[in-house]
Amino acid sequence: MSAATEPMGDPLAAPDVEPDIHTTAGKLADLYRRFDEAVHAGSAAAVERQHAKGRRTARERIDQLLDPGSFVELDALTRHRSTNFGMQDKRPFGDGVVTGTGTIDGRPVAVFSQDATVFGGSLGEVYGEKIVKVMDYATKVGCPVIGINDGGGARIQEGVVALGLYGEIFIRNVRSSGVIPQISLIMGPSAGGAVYSPALTDFTVMVDETSHMFITGPDVIKTVTGEDVGMEELGGGRAHNSKSGVAHYLGSDEEDAISYVKELLSFLPSNNLSEPPVYPAPEPVAGSISDGITDTDRELDSIIPDSPNTPYDIREVINRVLDEGEFLEVQELFAPNIVIGYGRIEGRSVGVVANQPTQFAGCLDIDASEKAARFVRTCDAFNIPVVTFVDVPGFLPGTEQEWNGIIRRGAKLIYAYAEATVPKVTVITRKAYGGAYDVMGSKHLGADVNIAWPTAQIAVTGASGAVGILYRKELKGLEGEELAAKRAELQQEYEDTLCNPYIAADRGYIDAVVPPSHTRGYVGRALRMLSTKREASPARKHGNIPL
């Protein structure tokens with residue numbers, strides 16, 4: 001077959017006439033007929049209903065995802081074995097899921113695509129076995145596996161067997177984690193046990209208004225708790241991208257979602273023993289850093305506002321450091337006070353973690369900590385260097401954060417940076433206060449190269465808080481303008497003395513203080529130097545991350 005939607009060959013011209021399977025021509029015609037039935041397993045009415053919802057069929061999605069003509073199908077002629085509830089009378093080829101291999105941009109991938117036009121996409125024994133087989137194949141050959149999810153959960157008619165196959169899929173998700181990239185596309189409903197396989201994969205992509213994920217649906221919630229909630233509000237793509245953090249990208253439509261997955265794969269290696277694809281550097285890398293400075297680089301010299309309390313968009317910094325300003329953001333709608341995503345420096349993939357001063361002043365909170373921690377660990381698993389941009393005034397204060405576990409959950413980010421053995425380069429652009437300075441890829445957590453801009457403020461706390469503690473006695477009894485003037489004087493003295501990068505540089509905690517316009521050159525050279533980095537961890541079964 002040249003495409004998932006094309007039959008292997010021409011079926012009989014007269015479909016009502018059974019081929020003579022005692023002849024070679026008849027055997028071939030019989031094969032073509034079977035494959036035609038597999039390709040058209042869903043009824044025309046079911047396909048029309050799928051299209052009416054703004055969704056493509058399982059095979060159409062595969063054709064859109066893979067390079068033209070690259071799809072090789074597996075298990076097209078399998079059929080379920082169930083005899084319960086009259087199931088023996090309906091045994092379509094393929095059993096409701098299309099599996100196989102192909103290429104994306106010429107690189108091998110494995111794929112399975114659930115077919116909502118056959119049994120509603122519900123998972124039975126054979127259906128599950130097909131997914132298990134293609135997952136095992138992907139792990140064996142070391143290629144990414146992409147799951148296109150659009151199903152109705154476990155097939156009730158097959159009972160516990162269906163549940164058992166979910167378990168078989170889950171254990172393969174876990175065993176493949178950190179070995180091959182696993183990507184889930186949610187293209188329709190995904191409910192009950194079906195949501196946990198996507199949750200175990202590295203990236204989950206949803207489509208606005210046409211895909212849903214939830215453990216229990218609105219009807220069950222209404223019955224048990226009395227809460228009235230719609231499907232979109234409960235488990236739609238926007239809810240999981242902005243509230244729960246389950247999803248990593250919200251596609252405007254299926255085409256946009258698939259396009260994102262293709263771009264995402266361009267930054268990832270095929271497996272944990274290989275390197276991400278390398279592209280030619282857009283700028284010359286020979287010569288001195290000064291010789292390579294561009295007009296775009298010089299714009300960084302004026303990007304930090306004079307007032308430390310004035311925000312700026314950290315993406316403006318990221319885009320000027322990455323090759324050609326190309327940045328693929330991950331989880332853009334969730335925890336916007338931290339920015340994560342992929343780009344390239346000198347043609348090589350990097351993962352970027354950056355505080356966002358326009359949101360909560362760049363403070364770290366529970367969601368931001370977990371978002372960044374998962375991303376750093378993903379980069380570490382797949383040999384992608386981590387570049388961190390720091391402008392953080394501290395952790396977000398408040399009872400809500402404390403009671404919901406900022407201590408335990410914020411510690412995940414510490415663990416992730418300390419555990420990572422890939423090259424780590426950190427750039428402090430402005431504030432780096434208190435424990436948040438340590439957490440954000442500091443030298444103390446094992447970062448390899450740490451640089452700071454002259455605008456960096458590295459201290460235990462900001463000037464206002466420090467003055468209130470250090471000069472409590474001097475300020476006691478002062479009021480009005482006199483108090484304000486004295487506070488301003490003391491704050492200025494504190495900032496001049498401590499809120500700068502030079503004390504950290506004096507201690508070697510900062511390797512260099514550089515003009516912002518030199519950042520791209522410094523980071524590029526650091527990553528080149530670190531390309532042969534080798535770091536071994538102590539022998540152990542695994543660490544105990546504060547989950």
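# Cavities, Pockets and Aromatic Pairs

Tutor: The lining of the second largest cavity comprises four nonpolar, six polar and no charged residues. The structure is a predicted model, in which local features need pLDDT of at least 70 and side-chain atom pairs count only at pLDDT 80 or more, while totals for chains, interfaces and linings use all residues. Residues are numbered from 1 along each chain as its sequence is written, and side-chain values use heavy atoms, with hydrogens and water left out.

Student: Why is the space called a cavity, and what makes a residue part of its lining?

Tutor: On a 1 Å grid over the protein atoms alone, a cavity is a set of points where a 1.4 Å probe fits but cannot get out, and a lining residue has an atom within 4 Å of such a point. The residues that meet this condition for the second largest cavity are Phe 112, Met 135, Val 145, Gly 147, Asn 173, Gln 182, Ile 183, Ser 184, Ser 197 and Thr 201. Strands S4 (145–149) and S5 (182–186) each give two or more residues to this lining, and S5 gives the most, with three. Helices (H or I, at least four residues) and strands (E, at least two) are DSSP runs, numbered from the N terminus.

Student: What makes a residue nonpolar, polar or charged?

Tutor: Ala, Val, Leu, Ile, Met, Phe, Trp, Tyr, Cys and Pro count as nonpolar, Asp, Glu, Lys and Arg as charged, and the others, Gly among them, as polar. Phe 112, Met 135, Val 145 and Ile 183 are therefore the four nonpolar residues of the second largest cavity.

Student: What makes a pocket?

Tutor: A pocket is an open set of points with protein on both sides within 12 Å along at least five of seven lines. The largest pocket has a volume of about 1,500 Å³. Its lining has 43 residues, and those closest to its centre are Ser 177, Arg 374, Arg 377, Ile 545 and Leu 547. Helix H13 gives the most to this lining, with eight residues. The classes there are 17 nonpolar, 16 polar and 10 charged.

Student: What is the arrangement of the rings of Tyr 342 and Phe 375?

Tutor: Their centres are 5.0 Å apart and their planes stand at 50 degrees, so the pair is tilted. Because Tyr 342 is in strand S11 and Phe 375 in helix H13 (residues 366–381), this pair joins parts 33 residues apart in sequence. Phe 203, Phe 267, Tyr 342 and Phe 375 form one aromatic cluster.

Student: How do you know whether Tyr 342 and Phe 375 are buried or exposed?

Tutor: Buried means under 20% relative accessible area, exposed over 50%, and partly exposed in between (1.4 Å probe, protein chains only). Tyr 342 has a value of 0%, so this residue is buried, and Phe 375, at 3%, is therefore buried also. Glu 489, in helix H19 (residues 480–497), has 46% and is therefore partly exposed.

Student: What makes Arg 344 count as lying over the face of Phe 267?

Tutor: A charge sits over a ring if NZ of Lys or CZ of Arg is within 6 Å of the ring centre and within 35 degrees of the ring normal. Arg 344 lies over the face of Phe 267, at 4.1 Å from the ring centre.

Definitions and conventions: Rings of Phe, Tyr and Trp (its six-membered ring) pair if their centres lie within 6.5 Å; planes under 30 degrees apart count as stacked, over 60 as edge-to-face and the rest as tilted. Grid points are joined across faces, edges and corners, and a volume is the space filled by probe spheres set on the points.
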